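Subject: Structure handover

Hello,

Here is the structure I said I would pass on. My notes follow below it.

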Amino acid sequence: MKNNLTHLDSQGHAHMVDVSDKENSKRTATATAIVEMKAETLTKVIDGGLPKGDVLATARIAGIQACKKTADLIPLCHPLMLTKVKVEIDVISATQLKVSCTCSLSGKTGVEMEALTGASVASLTLYDMCKAVDKGIIIKELGLESKTGGKSGDWSKENVSS
């Protein structure tokens, strides 16, 4: 039986996949997470009323930084030369923010892990910036929304049947 897990060699040992023979292609990935907090905490975030400063700007910068450091955090990820990273944080209810991170490049391997890392770290930064007033913040629903490019082609969470 053929092993479909590309990060395992024929003996089942973890290894970094050799992508040297792959063609360069434009690749993008978007990941999201939901950050849930008390309504009064979210009001302070929006109004700039927290002691640590501009919460949303700090979280966006942290997410961008995290994307660039993904290979330092995830052992088998390739270091990538990202050409674009965009972190957006939107209010989706009185108690929730949606963090979206999109990464792109022209290269031999995808950027899904970078997008997931960016959304995760931006969400963790929101927690860190707000924990003095709300320790019950919940980060949930971290996941890949879509990816384009590469041998496996395009994928979207919206097109997956349950």
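To start with helix 2, its face turned away from the buried side carries the exposed residues Ile-61 and Lys-68. Exposed means over 50% relative accessible area, buried under 20%, and partly exposed in between, with a 1.4 Å probe and protein chains only.

This is a predicted model: local features need pLDDT of at least 70 and side-chain atom pairs count only at pLDDT 80 or more, while totals for chains, interfaces and linings use all residues. Residues are numbered from 1 along each chain as its sequence is written, and side-chain values use heavy atoms, leaving out hydrogens and water.

The buried residues of helix 2 are Val-55, Leu-56, Ala-59, Ala-62, Gly-63, Ala-66 and Cys-67. Seen down the helix axis, they fall within an arc of 135° (taken from the directions from the axis to the C-beta atoms), so they line one face of helix 2. Their cover includes helix 1 (39-47), helix 3 (70-73), strand 2 (84-93), strand 3 (96-107) and helix 4 (112-130).

As for the whole chain, it has four helices and five strands, in the order β-α-α-α-β-β-α-β-β. Helices (H or I, at least four residues) and strands (E, at least two) are DSSP runs, numbered from the N terminus. Buried residues make up 35% of the 162 residues. Of the contacts (heavy atoms within 4.5 Å) with a separation of 6 or more, 70% are between residues 24 or more positions apart. The C-alpha trace spans about 55 × 35 × 30 Å along its principal axes.

Regards
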